[in-house]
Amino acid sequence: KVLSTIVALVLKFDGGDLLEGGEEAAAIGTVTAAVLASELEQRFAMDGTMELNSVDSRDVFLLKNEDANVAGNEISVVMDVKALIPNFDTNDVTRRLQKTLTDFDSGIDSTAFNDIIQDSINRDSAKIERNLKDFNLRCREQQSSGLTAEDGDVFSTVCSENLVLPDYFETSLTEIEAKSVSEVDSLKCEVESRRLESIETTSFSTVCSENLVLPDYFETSLTEIEAKSVSEVDNLKCEVESRRLESIETTSSSTPVQVAYFVYCLVLMLGIMFMSI
């Protein structure tokens with residue numbers, strides 16, 4: 001039976017200019033997934049409950065700290081994790097393991113598996129952090145010693161793809177933590193809301209700097225707004241102008257401008273009628 005879940009690994013940094021390009025994000029996702037896969041594989045082998053199938057990077061994004069009083073930024077690496085529960089013989093496993101397998105088969109596998117992955121990451125967080133911080137150094141060492149992907153080590157395998165983590169992993173990475181995707185999505189929404197608020201504030205400050213002022217009736221009398229097509233508005237405009245012309249004293253002869261505007265409105269209304277046929 002194959003179990004799958006999505007987990008987020010939050011990487012915490014002490015400041016720094018993070019995620020400055022798409023290639024940088026791709027490298028972080030690939031390397032982090034490979035390092036995590038190596039640790040989970042060892043953890044599962046020790047526990048004897050399941051076998052790791054795969055760990056693949058799904059998304060990498062920046063959770064920037066907007067609080068000026070709090071230092072640090074966070075990068076979230078969202079990953080798909082899959083594992084296999086072997087077909088154990090009942091006589092070969094303990095009662096605890098058998099209960100675990102029964103629980104997985106009883107319909108709560110998704111939640112239980114996600115909890116197991118998060119717990120495994122957090123128990124080995126110091127080792128995962130160290131491997132990420134030392135990734136570039138160990139890559140250089142293994143490349144100089146002639147190790148290749150065929151040697152099977154996680155570093156030799158990923159290093160053979162010439163992937164390099166940004167320098168701030170070595171100098172500024174302070175902590176890692178596994179979180180659920182819902183927690184990270186909530187943080188991502190907060191960051192996006194702050195970004196939009198910043199854009200909104202900037203747009204007001206830009207326009208206000210031009211000393212533009214709306215009439216007072218915008219503040220006191222505006223009750224509703226509605227989007228309409230240009231043809232609808234032009235039609236209304238013609239109706240208003242027609243009523244204005246009708247209100248002019250009949251003794252006054254129409255000016256050339258009024259006549260031209262009347263002809264324009266007539267042509268416009270005929271055009272609208274023709275398009276609606």
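Colleague: Hi! In what order do the elements of the protein run from the N terminus on?

Modeller: Starting at the N terminus, the order is β-α-β-β-α-α-α-α-α-β-α-α-α-α. Keep in mind that this is a predicted model.

Colleague: Thanks. And how many helices and strands does the protein have?

Modeller: There are 10 helices and four strands.

Colleague: What share of the residues count as buried?

Modeller: The protein has 277 residues, and 32% of them count as buried.

Colleague: What about contacts between residues at least 6 apart in sequence: what percentage join residues at least 24 apart?

Modeller: For the protein, that figure is 76%.

Colleague: Let's zoom in on helix 3. Which of its residues are buried?

Modeller: Helix 3 covers residues 125-133, and S125, I128, E129, N131 and L132 are buried there. Those residues span an arc of only 165° around the axis, so they sit on the same side of helix 3.

Colleague: Remind me, why do residues three or four places apart in an α-helix point the same way?

Modeller: Because an α-helix has 3.6 residues a turn.

Colleague: Changing topic: how many disulfides does the count come to?

Modeller: The count comes to one disulfide. C139 and C159 form it, with their sulfur atoms 1.5 Å apart. This pair links distant parts of the chain, as C139 is in helix 4 (residues 135-144) and C159 is in helix 5 (residues 154-159), 20 residues apart.

Colleague: Is the disulfide of C139 and C159 left-handed or right-handed?

Modeller: The torsion about the S-S bond is about -80°, so the disulfide of C139 and C159 is left-handed.

Colleague: And are those two cysteines, C139 and C159, buried or exposed?

Modeller: Both C139 and C159 are buried.

Colleague: On to charges. How many salt bridges are there?

Modeller: The count is six salt bridges. One of them pairs K12 with E175, where the closest N and O atoms are 3.9 Å apart. K12 is in strand 1 (residues 2-13) and E175 in strand 4 (residues 173-180), so to speak distant parts of the chain, 163 residues apart.

Colleague: Is K12 buried or exposed?

Modeller: K12 counts as buried, because its relative accessibility is 18% and the cut-off for buried is under 20%.

Colleague: Which residue does E39 meet in a salt bridge?

Modeller: The side chain of E39 meets that of K127, at 3.5 Å from N to O. E39 belongs to helix 1 (residues 22-47) and K127 to helix 3, 88 residues apart. E39 counts as buried at 4% relative accessibility, whereas K127 is partly exposed at 31%.

Colleague: What about R43, which residue does it form a salt bridge with?

Modeller: R43 pairs with D124, and their closest N and O atoms are 2.6 Å apart. R43 lies in helix 1 and D124 in the loop between helix 2 (95-123) and helix 3, so the pair ties together parts that are 81 residues apart in sequence.

Colleague: Are R43 and D124 buried or exposed?

Modeller: R43 is buried, with a relative accessible area of 12%, and D124 is buried as well, at 14%.

Colleague: Last one: which residues do salt bridges that share partners join into one network?

Modeller: The network is made of K12, E175 and E177.

Definitions and conventions: Residues are numbered from 1 along each chain as its sequence is written. This is a predicted model: local features need pLDDT of at least 70, side-chain atom pairs count only at pLDDT 80 or more; totals for chains, interfaces and linings use all residues. Side-chain values use heavy atoms; hydrogens and water are left out. Helices (H or I, at least four residues) and strands (E, at least two) are DSSP runs, numbered from the N terminus. Buried means under 20% relative accessible area, exposed over 50%, partly exposed in between (1.4 Å probe, protein chains only). Contact means heavy atoms within 4.5 Å. The arc is that of the directions from the helix axis to the C-beta atoms. A disulfide is a pair of cysteine sulfur atoms within 2.5 Å. A salt bridge is a side-chain nitrogen of Lys or Arg within 4 Å of a carboxyl oxygen of Asp or Glu.
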